[in-house]
Amino acid sequence: MKHIKKYIFDLLDPTEQESKIERYIDIFIISLIILNVVMVIADTFKLPQYIKDIFNVLEVFSVVVFTIEYLLRLWTSNYLYPGLSAPKACIKYIFSFMAVIDLLAILPFYLPFIFPIDLRVLRTIRVIRLFRLFKVNRYTNSLSIIAKVFKSKASQLISSVFVVGLLMIISSVLMYSIENPVQPEVFKNAFSGLWWAVATFTTVGYGDIYPITGAGKILSAIIAMLGIGLVAVPTGIISAGFIENISDEKEEEKHYCPYCGKKID
């Protein structure tokens, strides 16, 4: 039983040198997740009844697969946290980010069997199925790389966002002071000015609120020019983080044998 448990854990959490069966399992789960996302999108269209029936069958099949996967991961969690006892490992796994995503992916299916839910509420809850898309993170390192970059550049990103937020607040108050006397129904308060500042800084320019005075237009032009530069700052920070991550991975690959894949001491 112990060997079976370890084998199942290795299948669900393969190493870099994964076997063919592990790769097939990854492809199967990813395909099932993508199919579920397509089904959620298709549900927004008017579909023939036979298509809906097929979707219902696929939904049940998906929930069964995802439930089995969740229970197996829960059962083998002591290998994920080898330093903890089995009960503590289960508890720690249940509250981990990916375990919460796994639970949210199957929860909408089981809720109607536990609690009497209005059909309109159920339709809203079923949108939670989109969380299944996050399950792809287990089978590809794309989202992990993004999370790693954001974590490594968190302080710089927070600083840049803080500067942008500060300038938006200052510009919103200034614009309110300038425009409120001439169009009080548009710039009712500082929050109206803040909405204008967000649209201007992000260069969206919805056009639903804009200055008409000369001073307001000059301020708007200055804010728009600053927005082009300041909004690009977080993008540059994130891009630099990706470049650093790629460089680190290439450096790490030098410590592995190109033939057997084992780490060189």
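Buried here means under 20% relative accessible area, exposed means over 50%, and partly exposed is in between (1.4 Å probe, protein chains only). This is a predicted model, where local features need pLDDT of at least 70, side-chain atom pairs count only at pLDDT 80 or more, and totals for chains, interfaces and linings use all residues. Residues are numbered from 1 along each chain as its sequence is written, and side-chain values use heavy atoms, with hydrogens and water left out.

**View 1. Leucine 219 in helix α11.** With a relative accessible area of 13%, leucine 219 is buried. Setting aside neighbours within four places in sequence, Leu219 is in contact (heavy atoms within 4.5 Å) with Ser171, Leu174, Met175 and Ile178. Take Ser171: leucine 219 and serine 171 sit 48 residues apart in sequence, but their C-alpha atoms are 8.0 Å apart in space.

**View 2. The largest nonpolar core, with eleven residues.** A nonpolar core is a set of buried Ala, Val, Leu, Ile, Met, Phe, Trp, Tyr and Cys residues joined through side-chain atoms within 4.5 Å. Here the members are Val164, Met168, Met175, Phe187, Trp196, Ala197, Phe201, Ile209, Leu219, Ile223 and Leu230. Zoom in on isoleucine 223 and, neighbours within four places aside, you find contacts with Ser171, Trp196, Thr200 and Phe201. In soluble globular proteins, nonpolar side chains tend to be buried together.

**View 3. Helix α3 (residues 49-75) packing on helix α5 (residues 86-94).** The two pack at an angle of about 135°, with their axes 9 Å apart. On the α3 side, Tyr70, Arg73 and Leu74 make the contact, and on the α5 side it's Cys90, Tyr93 and Ile94. Sort these residues by type and you get five nonpolar, no polar and one charged. For that count, Ala, Val, Leu, Ile, Met, Phe, Trp, Tyr, Cys and Pro are nonpolar, Asp, Glu, Lys and Arg are charged, and the others, Gly among them, are polar.

**View 4. Serine 77 in helix α4 (residues 77-80).** Serine 77 counts as buried, at 1% relative accessibility. Not counting residues up to four places away in sequence, Ser77 touches Ala89, Cys90 and Tyr93.

**View 5. The whole protein, for orientation.** There are eleven helices and zero strands; helices (H or I, at least four residues) and strands (E, at least two) are DSSP runs, numbered from the N terminus. Of the 265 residues, 31% are buried.

Definitions and conventions
Axes are lines fitted to C-alpha atoms, for helices over the stretch in contact, and angles run from 0 to 180 degrees between N-to-C directions.
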